[in-house]
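These are my notes from going through one model. I wrote them in the order in which I looked things up.

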Amino acid sequence: MSKPEIIVTDPLMPSVLDGLSEVFSTNLLWQASDPAKFLDNLAPAVRAIASGHATPIDKTLMDRLPRLEIISNFGVGYDNIDATYAASRKIVVTNTPDVLTEEVADTAIGLMIMTARELSAAERWLRAGNWQQSYPLTRGSLQNRTLGIYGLGRIGQAIARRASAMNMKINYHNRNPVSGSALNYCSSLEELAKESDILMCVAPGGPATHHTVNTRILQALGRDGIFINVGRGSVVDETALVSALQNNTIMAAGLDVFEKEPHVPDALLTMDHVVLLPHVASASVDTRNAMGQLQIDNLSQWFSGGSPITPVHETPWPPK
């Protein structure tokens, strides 16, 4: 029996590609010299896509593949996929939640500590041979501070558990209050920023959250405020953030994600009160292997006649 034909839109880890190739006939879109011809040739046979995050999977791409049934995404974020349109076509979209929750939460807390206590700047200062004199005292203590979490999903809740152990007060903002949560809910993002010393963004990307962290929100966070982002770069108006940091509208920022990755604005690279990471919140071998296996398992279970393991909310299974 021949293997099902799938398209792989983006470079994936070798172990993931090997795993996919064991079960499926993998066709690598990113290596195609003529992508349009590549898609046309495969259109009659392809029933699935395995995606990373680089290639937009929009109406145009989906419509080129009339037999498409499932899109299995590597990563919990899937704003590169038009899941609403996929739902209208009865195409299931899956992602890889849970397996990366704890790793990302660990990184978020680490990034918060690095930023508040200026640990990156202090290390650079030591490496430059400046320890003949004491490093300046930092203003960004975490003691008795309030953490505001924008996006209290799985990862946001894992961050809250860690912050609670640090004796931080915790506020959060979602579109709606989280059922059963004892944390303080703020009805607007601006209220969250005003009530918090540190604003932690864990919100997903997409049109609903695009540039929701803007000049008004950063002004509400204030001169002693710290902004951390481990969600999506598109949530932040990056120009407004640079201006807020340059003008001391906020104290500091710690960023793992950016608006136009891998581009990082030059202005951010020159600031000592900013900590920058290259989108590595889930980037451990164990976690990435688990994410890749879940991506494979979603496809394998679909083609074996079962249900997808982790469908996104726009394409629930069984369909509503």
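Which residue takes a positive phi just after helix 7? I found N167 there, with phi at about 65 degrees.

**Ground rules.** I am working with a predicted model, in which local features need pLDDT of at least 70, side-chain atom pairs count only at pLDDT 80 or more, and totals for chains, interfaces and linings use all residues. Residues are numbered from 1 along each chain as its sequence is written, and side-chain values use heavy atoms, with hydrogens and water left out. Helices (H or I, at least four residues) and strands (E, at least two) are DSSP runs, numbered from the N terminus.

**Helix 7.** I checked the length of helix 7 against its residue count. The expected span is 1.5 Å times one less than the number of residues. For the 12 residues of helix 7 that should give 16 Å, and the end C-alpha atoms are 17 Å apart, which agrees. Next I looked up burial, where buried means under 20% relative accessible area, exposed means over 50% and partly exposed is in between (1.4 Å probe, protein chains only). In helix 7 the buried residues are I155, G156, A158, I159, A160 and A163. They pack against helix 5, strand 6 (146–150), strand 7 (169–173) and strand 9 (198–201); contact means heavy atoms within 4.5 Å.

**Helix 5.** I repeated the length check here. The 16 residues of helix 5 should span 22 Å, and the end C-alpha atoms are 23 Å apart, which agrees. Buried residues of helix 5 include V104, A105, A108, I109 and M112. An α-helix has 3.6 residues a turn, so residues three or four places apart point the same way. The buried residues of helix 5 pack against strand 6, helix 7 and strand 9, and also against strand 10 (226–229), strand 11 and strand 12 (274–276). Just after helix 5, E118 takes a positive phi of about 55 degrees.

**Helix 5 with helix 7.** At what angle do the axes of helix 5 and helix 7 cross? I read roughly 50 degrees, for helix 5 at residues 101–116 and helix 7 at residues 154–165, with the axes coming within 8 Å. Axes are lines fitted to C-alpha atoms, for helices over the stretch in contact, and angles run from 0 to 180 degrees between N-to-C directions. Helix 5 and helix 7 are therefore oblique to each other; angles under 35 degrees count as roughly parallel, over 145 as roughly antiparallel, 65 to 115 as roughly perpendicular and the rest as oblique. On the helix 5 side, the contact is made by T101, E102, V104, A105, D106, A108 and I109. On the helix 7 side I listed R154, I155, A158, I159, R161, R162 and A163. By class, this contact of helix 5 with helix 7 has eight nonpolar, one polar and five charged residues. In that count Ala, Val, Leu, Ile, Met, Phe, Trp, Tyr, Cys and Pro are nonpolar, Asp, Glu, Lys and Arg are charged, and the others, Gly among them, are polar.

**K90 and I91.** Both of these are in the loop between helix 4 (83–88) and strand 5 (92–94). Is K90 buried or exposed? K90 counts as exposed, at 72% relative accessibility. Its phi is near 60 degrees, a positive value in a residue other than glycine. I91 counts as buried because its relative accessibility is 1%. Leaving aside neighbours within four places in sequence, I91 is in contact with M62, L68, E69, I70, I71, A86 and T315.

**T315.** T315 counts as buried at 5% relative accessibility. With neighbours within four places left aside, T315 is in contact with A83, A87, I91, V92 and V93.

**Other loop residues.** N174 lies in the loop between strand 7 and strand 8 (184–185). At 17% relative accessibility N174 counts as buried. H211, in the loop between strand 9 and helix 9 (215–221), has a positive phi of about 55 degrees although it is not a glycine. At 24% relative accessibility, H211 counts as partly exposed.

**Cis peptides.** Which residues does the cis peptide bond with omega of about 5 degrees join? They are E261 and P262, and P262 lies in the loop between strand 11 (252–255) and helix 11 (266–269). I noted another cis peptide bond between W317 and P318, with omega about 0 degrees. P318 is in the segment after helix 12.
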